[in-house]
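Keep the sequence and the 3D view open while reading.

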Amino acid sequence: MGLTKAQIKEFGLAAGLDLIGVANIERFRDAPTRMHPASILPEAKSVIVVGKRILRGGWRGIEEGTYWPSYTYFDYHGLLNSFFIQYPLYELACFLEDHGWEAVPYYSGVPETQPPTEPLRRGGVAPNVHLAIRIAGVAAGVGEMGWSKVFLTKRFGPRQRLHAIITDMPLEPDPLVEPQSICTRCMECVRGCPGAIPHINEGKTISIKIEDRVYEWADINLGRCCLMYHGGDPRLSPFLHKDFPGWSFDVTEQEVSEEAAYKFCWPLSTMPWRKTEEFPSGYIVEGHALLARWGIGEKEGSSYGVGGSRGCMRSCFNYLEKNGLIEQTFQGGEFIKRDRWLLPSKAEKKQVES
Ligand code: SF4
Ligand code: SF4
């Protein structure tokens, strides 16, 4: 008997994955060619989307305002995205190829960084092709899109990373998760976010259709989200307060693209600067630079997380857990146990020293 979907799932879960779902290639019918799995593997019949949880405890230090490295190093872009999920994914791809099916391990990078370029074959698709991994996750029945644009599952809420295997093996697709069967439109993500997620009343939405289901989510202000997340927002970074005393920057007034926001945050957070008596560290923002250097950071071009997804992750899973809407809950009760902190937009050194 040939390899079955049940055996694939059993192998993947035993190898260390937490979530596995299958989409047939037909579910990508409306995907743009530069985001289509068949642009990578033209014979693709199925996309196996895999997930591994993000530890709830990875955010604890940021929630308390006391400790940043765990989230960057283990949970955000560090070991979870680069190793913990990749190892079982690769083993699963080997398992498929042992049974005679080609298996493309897909690393879910950042699609917006695709360079403008020409196709290598006349009439072909230009490199680099990237899947929209969350939409692939929806197509594979792993979960749905939350209002926050974060991918939600019944097991962990927003707490997982996704990657995929594109294969020429024909597989029966898993049932789609019904739209809004996990996300209740509670708007806790909007209340917790420092200003990038529009409220449902603003009517700013994006939607897609897979088979006869329509999935809709908020049209996030990605420029502001990037500034808040990657260290451009004094309200979320005590490190900015230390290295830019007296500086004032209200992110909620910025109307910049995501790329412009990256261009602002990355050098600010990772580049060296001359050592002076006032700023002896040798970095523009020492705390951000050292965060990006933790573990596999600096030389690997690792990303770093300063904002710690205050609304779209922490507020969301706190709400879903508290109301029994997701499966994984915790014996110690709610995640958010104390008053939440936000610093002023004007960086004043005494705020950090007090
Ligand atoms: S907090 Fe989570 S469940 Fe509530 S609206 Fe936002 S994404 Fe949906
Ligand atoms: S990462 Fe932060 S700024 Fe971006 S949507 Fe989530 S809570 Fe809002």
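Ligand 2 is surrounded by 14 residues, and the closest are C193, C225, M228, G311 and C312; a residue counts as near a molecule if its C-beta atom, placed from the backbone, lies within 6 Å of it. The model is predicted: local features need pLDDT of at least 70, side-chain atom pairs count only at pLDDT 80 or more, and totals for chains, interfaces and linings use all residues. Residues are numbered from 1 along each chain as its sequence is written, while chains are lettered from A and ligands numbered from 1 in the order in which they are written.

The shell around ligand 2 holds nine nonpolar, four polar and one charged residues. Here Ala, Val, Leu, Ile, Met, Phe, Trp, Tyr, Cys and Pro count as nonpolar, Asp, Glu, Lys and Arg as charged, and the others, Gly among them, as polar. Helices α8 (222-229) and α13 each supply at least two residues of this shell. Helices (H or I, at least four residues) and strands (E, at least two) are DSSP runs, numbered from the N terminus.

Helix α13 covers residues 310-322, and its 13 residues reach 17 Å from first C-alpha to last, close to the 18 Å expected at 1.5 Å a residue. The expected span is 1.5 Å times one less than the number of residues. Is α13 mostly enclosed or open? Of its 13 residues, 11 are buried, so α13 is largely enclosed by the rest of the structure. A residue is buried if 20 or more other C-beta atoms lie within 10 Å of its own, exposed if 12 or fewer, and partly exposed in between; C-beta atoms are placed from the backbone. The buried residues of α13 include G311 and C312, which are also among the closest to ligand 2.

Helix α10 (residues 258-270) has A261, Y262, C265, L268, S269 and T270 buried. They cover an arc of only 160 degrees around the axis, which puts them on the same side of α10; the arc is that of the directions from the helix axis to the C-beta atoms. An α-helix has 3.6 residues a turn, so residues three or four places apart point the same way.

In strand β2 (residues 46-53), eight of the eight residues are buried, so β2 is largely enclosed by the rest of the structure. Strand β1 (residues 19-24) runs antiparallel to β2, joined by six bridges; two strands pair if DSSP finds at least two bridges between them. V47 of β2 stands opposite A23, and its bridge partner in β6 is I166.
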